[in-house]
Amino acid sequence: KCLKIAPGEPKIVEKFNTGKLIVEGKYLYDSESSFIKERRKYSFEGLALISLIINEYDNSINKNIKITLKGLPEVQVNQILSDFKLIFIENFSKLNSSQKSSDQIVSDLIKKNLRKTIKNSFQKKPEIEVHLIRS
């Protein structure tokens, strides 16, 4: 509510919605903006980035998988990668060839398997960002 206190008697002159605003650079944003919510989630659960290359001709997986953890302890990244490879390759091999050719199905499988691996190690459910490359 907007209160006019002078001149004369104080009175409510207008009503409007309010809330927390966040300064980002030179702009103001509502604290419920999607990117602010993402940052909040990252701060509590962390972020995992994974890059994986699949050969588009035979659907083989390149052994050089890259995982980057943000907001999570880095000390176990090699163990996370090793555990992820075991579970992912087992589940990937169960897919048929059309499923293996689907970026969406493979990306979802990567996310599910990496999230499970990290949850087992850190008891966290980070946001997973997949970079799936077919070459």
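The accessible surface of this protein comes to about 9,500 Å², and 51% of that area belongs to carbon and sulfur atoms. Accessible areas were computed by the Shrake-Rupley method with a 1.4 Å probe, and for residues only the protein chains shown count as cover. Please note that this is a predicted model, in which local features need pLDDT of at least 70 and side-chain atom pairs count only at pLDDT 80 or more, while totals for chains, interfaces and linings use all residues. Residues are numbered from 1 along each chain as its sequence is written, and side-chain values use heavy atoms, leaving out hydrogens and water.

Let me turn to the overall architecture. There are 4 helices and 7 strands, that is, DSSP runs numbered from the N terminus, with helices being H or I of at least four residues and strands E of at least two. Their order along the sequence is β-β-β-β-α-β-β-α-α-α-β. The radius of gyration is 23 Å, well over the 14 Å that the globule rule gives for 135 residues, so the protein is more spread out than a compact globule. Here the radius is taken over C-alpha atoms, and the rule is 2.2 Å times the number of residues to the power 0.38. The C-alpha trace spans about 80 × 35 × 25 Å along its principal axes.

What, then, makes up the interior? Buried residues account for 26% of the 135 residues, where buried means under 20% relative accessible area, exposed over 50%, and partly exposed in between, with a 1.4 Å probe and protein chains only. The largest nonpolar core has 24 residues, of which Ile50, Ile67, Phe84, Ile110, Leu114 and Ile118 touch the most other members. Strands S5 (47-54), S6 (66-70) and S7 (127-134), together with helices H2 (77-93) and H4 (103-122), each supply at least two residues of this core. Such a core is a set of buried Ala, Val, Leu, Ile, Met, Phe, Trp, Tyr and Cys residues joined through side-chain atoms within 4.5 Å.

Leaving aside neighbours within four places in sequence, Phe84 has contacts (heavy atoms within 4.5 Å) that include Ile50, Ile67, Leu114 and Thr117. Thr117 is found in helix H4 and counts as buried, because its relative accessibility is 6%.

Finally, the backbone. A cis peptide bond, with omega about -10°, joins Ala6 and Pro7. Asn59, in the loop between S5 and S6, has a positive phi near 60°.
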